[in-house]
Structure formats: structure tokens, C-alpha cells
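Visitor: Could you guide me through this structure by way of questions and answers?

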Amino acid sequence: MNTSTGTDLHQVLDVGLRKLNADMPGDWVQALRTQSAEQVSSMALPTRKDEAWRYTSLKFLEELAFVPVDKEPFSALQLEDIDELLLTGNDGTRLVFVNGFLAPQLSRLEADRPGVLVTNLASAFELDKPAIQSEFDRIAQTRNMFTALNGALMTDGACVVIDQDTTADAPIELLHISVGTDDPSICHPRHLIVLQQGARAEVIERYASLGNASYFNNALIEVALGENSELIHERVQEESLNAQHLSDLQIRQAAGSRYRLANASLGAAWSRCDVRLVFDGEGADAQLDGLLMAGDGQLADTHLDIQHAVPHCSSRETFKGILDGKGRVVFDGRILVAKDAQKTDAQLSNDNLMLSRSAEVDTKPQLEIYADDVKCSHGTTVGELDGNMLFYLRSRGIPERQATQMLCLGFAEEILAAMPAEALRARSASLLASRLGGGA
């Protein structure tokens with residue numbers, strides 16, 4: 001057992017590279033590892049002097065000594081062990097990753113269907129599919145040391161490729177489960193989602209825990225949408241309150257494509273989701289909805305970077321935070337409209353509900369506009385529960401905590417409704433209610 005304190009990410013890199021050795025096929029994959037490792041070696045951790053990290057402390061890295069996960073598939077778990085985590089009503093493909101590696105015994109791998117590829121990274125790299133090699137790491141922008149570390153030490157993840165004019169009939173589920181190890185562990189999940197021209201799919205991405213172990217997930221997700229394609233992307237992070245979670249979600253949309261994101265951050269002691277979306281072609285549309293819940297000892301952070309680089313694109317971003325106890329929420333949303341991106345339609349809102357005077361929210365919506373014929377707006381609110389509504393419920397015999405729960409679920413309903421998967425929507429509402437005390 002490691003008894004030292006603090007994490008040195010350069011040491012994590014060295015140890016991680018030794019553990020990985022030559023784990024994935026393809027010279028180009030090894031070249032990416034090498035390049036990313038060089039970037040890590042030349043980088044320093046972000047500090048609060050960096051504007052993007054101004055409100056987000058990395059102190060947990062000083063308190064815990066994270067070590068890279070072992071490259072040994074965790075085969076002890078059986079389906080009955082994770083029964084409570086499984087969504088009902090979804091008969092589509094399910095990839096289950098345990099401590100960062102695919103667990104075939106827990107996954108549901110459908111027979112090959114024409115035009116639909118869903119597999120894990122190691123298997124995908126063995127395929128002679130041009131879309132994989134041409135799209136992998138094309139979208140990801142190395143924005144900090146964590147992105148580079150993912151490139152160097154990526155363990156496993158999903159590869160979803162939907163061919164031209166093909167529709168994936170059922171939702172594709174990607175479930176990450178973390179199981180406690182002797183030492184606090186760090187792993188680097190990586191997903192690639194490619195929808196070619198006219199393709200359609202729904203992807204459900206989840207992160208959960210078994211037990212209360214300390215660990216750090218450093219995930220990177222690339223999404224490439226071809227012309228007139230459509231992706232519904234649902235994400236729920238419901239990890240242990242001892243976990244740390246960082247997601248870097250990077251999307252590129254071609255002309256006429258549609259992207260729908262519903263993202264709920266409900267767990268982890270420290271969580272951050274960075275979203276970078278770039279419009280590459282005219283007539284594309286994006287809708288991003290997010291819910292952040294932070295109670296005692298939790299920080300939930302979201303950063304948006306929406307880049308309108310071409311004309312006639314639209315985006316809607318609606319994010320809501322619920323804070324209790326000494327919880328902290330950070331929201332930093334930026335919309336950039338380039339000089340030539342005329343007829344842009346972009347709306348950004350962030351609303352926060354404070355249940356405690358000890359909670360803290362830092363919100364910073366930003367519009368940066370260089371075109372002159374656009375329709376853009378942003379707004380933010382921070383408020384408390386409506387006293388009249390709370391009194392109304394209590395006067396009808398509903399206990400205060402339950403009344404608070406009901407009002408919070410009503411506040412979150414707009415975001416939960418953006419999840420088409422009924423079982424996921426119900427589970428998210430139940431988790432939220434549970435976090436607020438007493439279950440749904």
C-alpha cells in the first residue's frame with residue numbers, strides 16, 4: 001500500500017507508461033502516446049492563477065497519492081453485483097467498463113449490424129476502418145495537463161461509429177463502474193463517437209461506483225458529427241462522494257447536424273466537466289442542458305466553450321445548479337461568435353437554487369461576439385426556494401424536507417426532461433431526491 005501523500009502527475013505518467021507497455025495495436029496509437037507524454041512532461045498543473053481554474057482548486061491532488069490502475073481486467077464482478085446500476089428497458093448494446101477496462105462478462109455485445117460499430121478501443125484499433133484512424137484524436141484539443149495525460153495513458157473506452165444514413169435503433173449504453181483498490185487510483189477512459197453523414201444515434205454515458213473508495217477518473221470524449229447527422233447524448237455522473245471526476249467533452253459539428261446533450265453531475269467530491277463545441281458547417285444546431293448538484297464537501301464545476309465559427313448555426317445552453325450545505329458550484333459558459341458567423345442564434349442561461357446560506361456559487365456566462373447580424377443572449381440567476389410555495393406545501397401536511405425535495409425536482413425537471421431514456425430520467429430524479437434527503 002502506498003503511504004505517501006500527494007500526487008505527482010509526472011510520476012503517474014512514468015509509472016503508467018511502464019504498466020501499459022505496448023498494450024494497444026497500431027504504430028499511430030503508440031505515436032500518440034509518445035507525443036502526449038512529451039506534452040505532459042513539459043506542462044505544469046493548472047493553478048488558480050489560470051482563469052479557467054480560478055474557482056477550482058486541485059488540492060485533492062496534494063492530499064491523496066493516486067496511482068495508475070493496473071492493466072488487469074476486473075473479472076470478479078458478475079451481473080447480479082451491479083444489478084442496481086443497470087437501466088431497465090434498454091435492449092441495445094451495453095459496454096461496461098470496470099476501473100477503466102471493458103468487462104465482457106457484464107456487457108451486452110450485439111451481433112454485428114450493418115453500419116453500426118460499437119466496441120472498445122483496443123478492438124477498434126485492430127479494425128481496418130478508416131473513420132477510426134482519421135477521427136481519433138482529430139477533435140481533441142490538448143487544453144491542459146489532464147488532456148495530455150489522457151492521451152498518454154488512455155486505458156480503454158468505447159468506439160462508436162455509425163455509417164452514412166444509418167440509424168442505431170436502440171440507445172447505446174456506456175457504463176463506467178469504479179471498484180475500490182488498495183490505493184487511490186487514477187484512470188483515463190477515452191471515447192470516440194463518430195456519426196457519418198445522415199447517421200443517427202442515442203448514446204447514454206454513465207459513471208458510477210461500488211463502495212466508497214477514493215479514485216480519480218480523467219475522461220476524454222471526442223464526438224464527430226457528419227453532415228445532417230443527429231446525436232442524442234445523455235450523461236450522468238453518480239460516483240462515490242470520495243471520488244474525483246474530470247470529463248473533457250469535445251464536439252465538432254458539420255453542416256446541418258444536430259447535437260443534444262443532457263448532462264447531470266450528481267456525485268463525486270470534486271467534479272468538473274469541460275465542454276468544447278465547434279460548428280464546422282452552416283445550419284448546425286446544438287442544445288446543451290445540464291444539472292449540477294453539490295452538497296456538503298462537494299464541488300461541481302462546468303465549463304462551456306461554444307464556438308460559432310460559421311454562419312446560420314444555433315445553440316441553446318441551459319444549466320441549473322442546486323446547492324445544499326457547504327456545497328460549491330462553478331459555472332463558466334462562453335459563447336464565441338466569429339466575425340463571419342452571421343445569423344448566429346445563441347442563448348445561454350444558468351440558474352442556481354441555494355438551499356443553504358453556507359453554499360457558494362461562482363457563475364460567469366460570457367458572450368464574445370465579432371459578427372454584427374446575430375441574435376445572442378445570456379443570463380444567470382441565484383436564488384432561494386420560494387417561501388410561499390414551501391409554506392403552501394407545509395400547510396398541507398408535507399414535511400419541510402419532502403416539500404423542499406418536491407420543489408427542487410420541479411426546478412430540475414426542465415433538465416431531466418431532456419433525457420429521452422425514461423429509465424435514466426427516473427434514476428436521475430431518484431438520485432437527486434436521495435441527495436436532498438429521504439429518497440424519491
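The questions below begin with the whole chain and then turn to its strands.

Visitor: How many helices and strands does the protein chain have?
Guide: The model is a predicted one. Counted along the protein chain, its secondary structure comprises nine helices and 21 strands.

Visitor: What radius of gyration does the protein chain have, and what does the globule rule give?
Guide: For 440 residues the globule rule gives 22 Å, and the chain comes close to this, so it is as compact as a globular protein of that length. Along the principal axes, its C-alpha atoms fill a box of roughly 65 × 55 × 45 Å. The radius of gyration itself is 21 Å, against 22 Å from the rule.

Visitor: What percentage of contacts between residues at least 6 apart join residues at least 24 apart?
Guide: Contact here requires heavy atoms within 4.5 Å. Among contacts in the protein chain that link residues at least 6 apart in sequence, the share joining residues at least 24 apart is 84%.

Visitor: What part of the accessible surface belongs to carbon and sulfur atoms?
Guide: Of the 440 residues, 57% count as buried. The accessible surface of the protein chain comes to about 17800 Å², and the part belonging to carbon and sulfur atoms is 47%.

Visitor: How far apart do the centres of the positive and negative side chains lie?
Guide: The protein chain carries 39 positive and 63 negative side chains. The centres of these two sets are separated by 5 Å.

Visitor: In what order do the ten strands of the open sheet lie, and which are the edge strands?
Guide: The pairing in this open sheet is mixed, and its order is E3-E2-E6-E9-E11-E13-E15-E17-E19-E21. Each edge strand pairs on one side only, and the two are E3 and E21 (375-384).

Visitor: Are the faces of E2 covered or uncovered?
Guide: Strand E2 spans residues 94-98, and five of its five residues are buried. Arg94, Val96 and Val98 lie on one side, with Leu95 and Phe97 on the other. All of these are buried, and both faces are therefore covered under a cut-off of under 20% relative accessible area.

Visitor: Which residues stand opposite Phe97 in E6 and E3?
Guide: E2 runs parallel to E6 (residues 172-179), with five bridges joining them, whereas its pairing with E3 (residues 101-102) is antiparallel, over two bridges. E2 and E3 form a hairpin with two residues between them, and Asn99 in the turn has a positive phi of about 50 degrees. Opposite Phe97 stands His176 in E6, and its bridge partner in E3 is Leu102.

Visitor: Which residue of E11 is the bridge partner of Glu205?
Guide: Within the open sheet, E9 is followed in the order by E11. Nine bridges join E9 (residues 200-210) to E11 (residues 230-238) in the parallel sense. The partner of Glu205 in E11 is Arg235.

Visitor: Why is E5 largely enclosed by the rest of the structure, and which of its residues point each way?
Guide: E5 covers residues 158-162, and it is largely enclosed because five of its five residues are buried. Cys159 and Val161 point one way, and in the other direction point Ala158, Val160 and Ile162.

Conventions
Residues numbered from 1 in each chain as written. Predicted model: local features only at pLDDT ≥ 70, side-chain atom pairs only at ≥ 80, totals over all residues. Heavy atoms only, no water. Buried < 20%, exposed > 50% of the residue type's maximum accessible area, 1.4 Å probe, protein only. Helix = DSSP H or I, 4+ residues; strand = E, 2+ residues; numbered from the N terminus. Pairing = 2+ DSSP bridges. Rg over C-alpha atoms; globule rule 2.2 N^0.38 Å. Areas by Shrake-Rupley, 256 points an atom, 1.4 Å probe, with all protein chains shown as cover. Lys, Arg positive; Asp, Glu negative; His and termini not counted. Charge placed at Lys NZ, Arg CZ, Asp CG, Glu CD.
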